[in-house]
Amino acid sequence: MSTDLKKEKAKKVVDTPVIYCGPNIPKAMLNQFTVFQNGLPKHLDKHLKACPIIQQLIVPVEKLNDTLEAIKTTGTPENVWFQQVLEYNKGVGN
C-alpha cells in the first residue's frame, strides 16, 4: 500500500463520525448520543482508562440503530457493556 493511500485511509477513519451509545456519565461530561467528528476529547482519557468498555459503546453513526437494538436485548455484548458502564458510573468520583 502506498504512503499516500495509507494517509488517505487513516484520514477517513479519523473523519468518520462516531456516537456514544452508553448511559450518561456526568463526571466524564459524556452524554448518550454525543457525536465525535475528529476523535475523542482528551478529558475522556482517564475514564476510558478506568473503564475501557466505554469505548465499545462508541460506534460509527451508521451503526447507531443496530447498537441501540442490541443494548435493549438482554445478554448481548452491547447490553452487558451498557450495564458495566452503569456500574462504573455509580462509582465515578467515589
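Predicted model: local features only at pLDDT ≥ 70, side-chain atom pairs only at ≥ 80, totals over all residues.
**The chain as a whole**
- You'll find 4 helices and 3 strands in the chain.
- Starting at the N terminus, these elements come in the order α-β-β-α-β-α-α.
- The chain has 94 residues, and 30% of them count as buried.
- Take the contacts between residues at least 6 apart in sequence: 52% of these join residues at least 24 apart.

- As background, nonpolar side chains tend to be buried together in soluble globular proteins.
- In this chain, the largest nonpolar core has 21 residues, and Tyr 20, Ile 25, Leu 30, Ile 54 and Val 85 have the most contacts inside it.
- β1, β3 (58-60), α3 and α4 are the elements that give two or more residues to this core.
- Setting aside neighbours within four places in sequence, Leu 30 is in contact with Tyr 20, Pro 23, Asn 24, Ile 25, Phe 36, Leu 44 and Ile 54.

**Helix α4**
- Helix α4 covers residues 77-91, and its 15 residues should span 21 Å at 1.5 Å a residue; the end C-alpha atoms are 21 Å apart, so the two values agree.
- Its buried residues are Asn 79, Phe 82, Val 85 and Tyr 88.
- Those buried residues pack against β1 (18-20), α2 (45-50) and α3.

**Thr 67, in helix α3**
- Thr 67 belongs to helix α3, which takes in residues 64-72.
- With a relative accessible area of 7%, Thr 67 falls under the 20% cut-off, so this residue counts as buried.
- Its side chain reaches the backbone oxygen of Lys 63 at 2.8 Å.
- Leaving out neighbours within four places in sequence, Thr 67 touches Cys 21, Val 59 and Glu 78.

- The side chain of Thr 76 reaches the backbone oxygen of Ala 70 at 2.5 Å.
- Beyond its neighbours within four places in sequence, Thr 76 is in contact with Ala 70 and Ile 71.

Technical notes:
Residues numbered from 1 in each chain as written. Heavy atoms only, no water. Buried < 20%, exposed > 50% of the residue type's maximum accessible area, 1.4 Å probe, protein only. Polar contact = N/O pair within 3.5 Å; in protein donor to acceptor, adjacent residues only side chain to side chain. Contact = heavy atoms within 4.5 Å. Expected span 1.5 Å × (residues − 1). Core = buried A, V, L, I, M, F, W, Y, C linked by side-chain atoms within 4.5 Å.
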